[in-house]
Structure formats: C-alpha cells, structure tokens
Amino acid sequence: MKLSIVIPAYNEESTIEGIILKVQAVSLPGGISREIVIVNNGSKDRTAEILNRFSGQPDTVIVHQGNQGKTAALLTGFKNATGDILLIQDADMEYDPRQYPKLLAPILEGRAEVVYGSRFLGRIEGMEPVNRWANEISNRTFSFLYGVEMTDINTCYKVFTRRVLEGMAITSRNFAFETEFTVKLLSRGYTIKEVAIDYTARTRKAGKKIKWTTALDMFWPIIKYRFFTRPNY
C-alpha cells in the first residue's frame with residue numbers, strides 16, 4: 001500500500017526544504033510506502049530553486065504551475081498522486097509529519113476512509129485569538145447546519161482513501177477547498193473520523209497567509225451548500 005503526501009507550496013523558501021526532509025524521515029506503519037507530490041503554485045521567491053534539489057529523487061514528484069490558488073494546487077497534486085491513501089501537508093512547519101501514524105491508523109485498521117487531524121482536540125501553540133475565534137465559529141456553524149459534530153473543518157491534515165475522490169467535482173478556489181470538500185464528503189455518506197493532533201501556528205511575519213478575507217472565503221461555502229447550491233459530487 002502507498003501513501004501520497006500532497007504538498008501545495010507558494011512562497012515557502014524558508015520552510016519547504018525542512019518540511020520535505022521531515023516527510024521523508026517519518027516512519028510509516030505497516031510497511032506502507034510513500035510518495036511525495038509537491039506543487040509549486042507560482043512562487044515568486046526561491047521555492048522553485050530549492051525544489052529542484054529534490055528533482056529526480058525516488059518517489060518524489062515536483063510540479064510547477066502558475067499561481068491559481070490553493071485549491072488548484074491541491075487538485076494538481078491529487079491528479080499526479082498514485083497512492084492508495086492521500087494526505088494533505090502544508091509547506092510550512094505548523095503541522096508535524098511525525099503525527100502521520102495516528103492519522104493513518106483508522107484507515108489502515110478499516111475503521112474509516114476519511115480522517116481529519118483536529119487541532120482543537122489536541123494541543124495548540126501560538127494561534128492568535130482572532131484565528132481561534134474564526135475557526136470556532138466555522139466549526140460550530142458547520143456542526144449545527146449539517147447535524148454532525150466537527151471540531152476542525154479547516155485543518156490541513158485531511159487523510160482519505162483514493163476512492164473518496166472518485167467523481168468528486170471541486171469548483172472552489174483558494175482556501176474554500178476545506179469547506180467544499182467536507183460538505184461533499186458528508187453528502188456522499190462518508191463519516192469523518194477526527195484525531196487529536198498538535199499544532200504550532202506561525203506568525204504573519206514568518207509567512208502566514210491567512211487573513212480575514214480568507215476566513216470569509218472558507219465560511220461562505222458552509223452557508224452556500226446548505227441553503228443555495230446542491231453539492232455537485
């Protein structure tokens with residue numbers, strides 16, 4: 001069995017090498033093999049140059065494309081991934097790859113096909129109060145409107161079997177992927193298993209890209225797919 005780790009990257013020259021090395025170093029359970037798919041989404045810094053150092057390494061796929069937003073980078077990554085299980089990894093250092101084994105366990109044990117790593121069930125360091133507040137509003141609104149208990153729909157760590165993606169049309173841009181993907185999983189009848197993870201937020205000075213307009217982009221699909229648009233699987 002193979003795990004594909006999909007890493008979208010935009011202007012991550014300070015962290016991209018470090019996160020790839022961490023992904024390469026983590027021990028995977030049950031003899032599972034790994035494939036790393038990195039999508040350089042039109043970076044304007046040295047990200048492309050750094051990625052070229054990894055070009056040609058076994059089980060490493062590097063794709064360069066114009067800046068089309070995070071969702072487009074993820075879809076490119078999914079298209080190029082060949083694993084039985086896919087895992088989304090941000091290119092910064094907020095999410096630690098050493099947590100892969102516990103994220104994979106429910107899938108490998110046949111207890112789930114979709115696993116989310118929940119920051120709010122685990123330990124959070126450095127998250128600004130406004131970001132925590134925005135996340136909690138999204139989580140509570142989503143849980144109320146869709147009748148499920150979700151503690152972290154906006155987590156980076158989403159792990160799922162390849163079968164989950166079959167025939168799914170993702171139409172959002174940028175960070176709205178998080179909510180659209182979650183809504184469509186539930187519409188297809190999947191149960192999302194949440195696993196507690198540790199999370200260390202980086203500051204805006206260190207390169208964090210989330211801002212208040214991003215929060216609105218992530219929140220709107222919660223309302224849109226509940227009241228205005230029937231999910232297109």
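## A tour from a surface patch to the sheet

Start by selecting Val 130, Trp 133 and Ile 137, which form a nonpolar patch on the surface with about 300 Å² of accessible area together. Accessible areas come from the Shrake-Rupley method with a 1.4 Å probe, and for residues only the protein chains shown count as cover. Patches are made of residues with over 30% relative accessible area and no salt bridge; like charges are joined within 9 Å, and nonpolar side chains (Val, Leu, Ile, Met, Phe, Trp, Tyr) within 5 Å. A salt bridge here is a side-chain nitrogen of Lys or Arg within 4 Å of a carboxyl oxygen of Asp or Glu.

Before moving on, note that this is a predicted model, where local features need pLDDT of at least 70 and side-chain atom pairs count only at pLDDT 80 or more, while totals for chains, interfaces and linings use all residues. Residues are numbered from 1 along each chain as its sequence is written, and side-chain values use heavy atoms, leaving out hydrogens and water.

Now zoom in on Ile 137, in helix α5 (residues 129-146). Helices (H or I, at least four residues) and strands (E, at least two) are DSSP runs, numbered from the N terminus. Ile 137 has a relative accessible area of 32%, so it is partly exposed; buried means under 20%, exposed over 50%, and partly exposed in between (1.4 Å probe, protein chains only).

Next, show the open sheet of 7 strands, ordered β3-β2-β1-β4-β6-β5-β7 with mixed pairing. Two strands pair if DSSP finds at least two bridges between them. Select β3 (60-65) and β7 (192-200) to see the edge strands, each pairing on one side only.

Axes are lines fitted to C-alpha atoms, for helices over the stretch in contact, and angles run from 0 to 180 degrees between N-to-C directions. Then pick helix α7 (residues 177-187), which lies across β4, β5, β6 and β7 at about 40 degrees to β6.

Finish in two loops. Asn 11, between β1 and α1 (16-25), has a positive phi of about 50 degrees although it is not a glycine. Asp 59, between α2 (47-51) and β3, is not a glycine either, yet has a positive phi of about 60 degrees.

Note on methods
Contact = heavy atoms within 4.5 Å.
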